[in-house]
Amino acid sequence: MKIDGTPYRSVWVDQQDGWSVRILDQTRLPWSVDLLRLATLADAAHAIRSMQVRGAPLIGAVAAYGLALALRADPTSSAMERDATLLNETRPTAVNLRWALDRMLGVLRPLKPQDRVAAAYAEAARIADEDAAQCEAIGTHGAELIADIAARKQGRVNILTHCNAGWLATVDWGTALAPVYKAFEQKIDLHVWVDETRPRNQGAFLTAFELGKHGVPHTVIADNAGGHLMQHGQVDIVIVGTDRVTRTGDVANKIGTYLKALAAFDNNVPFWIGLPSSTIDWTVSDGVREIPIEERSATEVTTITGRALDGSIATVRVVPTGSAAANPAFDVTPARLVTGLITERGRCAASEAGLLSLFPERKAA
Ligand code: MRU
């Protein structure tokens, strides 16, 4: 997708040296567009941990490239296993991380150490290209939902989204936002309600940035506004991304998603999830009990960062000194509250039967 007319992906290999990995520093957006160079395993692990890159599919792609960087330093089997484990432990909830590393190890383990670096770059590039293509397909399948609403309503379609599940969270296109971009390309009249998504403000900072750069009409709202807007008929559809979907259709996503799903259910607003198949964890069935929820630093709750009136970037405290704060970063929306899943293979019910209808090869698993 584009920033000020320049096409970007959220991760790529530097064309000049042919091996270092470039990312957009998402901790600096929307204040400045800073490109970072990852040269080592430590750089890649730090980028994921510190959320310079974030979003489930992007975390997976950067981890894949991170393993390629690690192999440049030491391609032996023991180092490779150790470095993959280190990358896998950078963030716990998004299953795309484990998925990408398992896929890399599956390709690399049988190879001789001296053949591993080239193979790792090639496999990481395949993971990145496939993610971009899968997200574009999610866009096509999801845009049909928006087109249907537009045809029925004969007016502007209001879409609500939470967190950032746009191109910044994937390699390109996004998951929840891909249908928005595709529908926008089709000239469907639409508008996006963007949840600010405290504590890290991925909605206010990243989703608003992306949509703005693309010219998509949008309005940032406080996280608590969604239910009110739904009660007053101002939300036609909710589309969010996810960090892990169980084989039964439970959905882990950014904290606050569950409350939006409850409000949508109560108001008969369709609640859809965009996801590539790399986000499905076929090994778990009960999302609330089995999906690990990342607990992040309380500082993210007690402080907020923004641009001060003098133009400087400032972090200020918003909670009295001495008050405790807790920061669970994700929650799980049970499948019964989800209208359906939009995958690269099409749409399905949020259930085991629904998922297996699109991924029949998983029946035996
Ligand atoms: O903590 P983050 O910013 O990595 O969380 C991101 C989300 O929750 C996204 O909604 C999810 O990863 C889907 S990304 C296409």
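## Strands β12 and β17

W272 stands opposite G340 in β17. The model described here is a predicted one. Strand β12, residues 271–274, and strand β17, residues 340–343, run parallel and are joined by three bridges.

## The sheet

Both strands belong to an open sheet of seven strands. The order across this sheet is β8-β7-β6-β9-β12-β17-β18, and the pairing is mixed. At the edges are β8 (218–221) and β18 (346–348), each of which pairs on one side only. From one strand to the next, the twist averages 25 degrees.

## Helices on the sheet

Helix α7, made of residues 202–214, lies across β6 (157–161), β7 (190–195) and β8. The helix runs at about 160 degrees to β7.

Helix α9 (residues 257–266) also packs on the sheet. The strands touched by α9 are β6, β7, β9 (237–240) and β12. Between the direction of α9 and that of β12 the angle is about 145 degrees.

Side chains of opposite charge can pair when their charged atoms come close. The model has 24 salt bridges. One of them is formed by the side chains of D14 and R37, with an N to O distance of 3.3 Å. D14 lies in the loop between β3 (11–13) and β4 (21–24), while R37 is in strand β5 (residues 35–38), so this pair ties together parts that are 23 residues apart in sequence. D14 has a relative accessibility of 7% and therefore counts as buried, the limit being under 20%. R37 is partly exposed, at a relative accessible area of 44%.

R247 and E352 meet through their side chains in another salt bridge, at 2.8 Å from N to O. This pair links distant parts of the chain, 105 residues apart. R247 sits in the loop between β10 (244–246) and β11 (251–254), and E352 sits in helix α12 (residues 352–358). R247 counts as buried at 7% relative accessibility, whereas E352, at 32%, counts as partly exposed.

R289 and D286 form a salt bridge in which the closest N and O atoms are 3.6 Å apart. R289 has a relative accessible area of 71%, so R289 is exposed, the limit being over 50%. D286 is partly exposed, with a relative accessible area of 28%.

Definitions and conventions
Residues numbered from 1 in each chain as written. Predicted model: local features only at pLDDT ≥ 70, side-chain atom pairs only at ≥ 80, totals over all residues. Heavy atoms only, no water. Salt bridge = Lys/Arg side-chain N within 4 Å of Asp/Glu carboxyl O. Helix = DSSP H or I, 4+ residues; strand = E, 2+ residues; numbered from the N terminus. Buried < 20%, exposed > 50% of the residue type's maximum accessible area, 1.4 Å probe, protein only. Pairing = 2+ DSSP bridges. Axes fitted to C-alpha atoms, helices over the stretch in contact; angles between N-to-C directions. Contact = heavy atoms within 4.5 Å.
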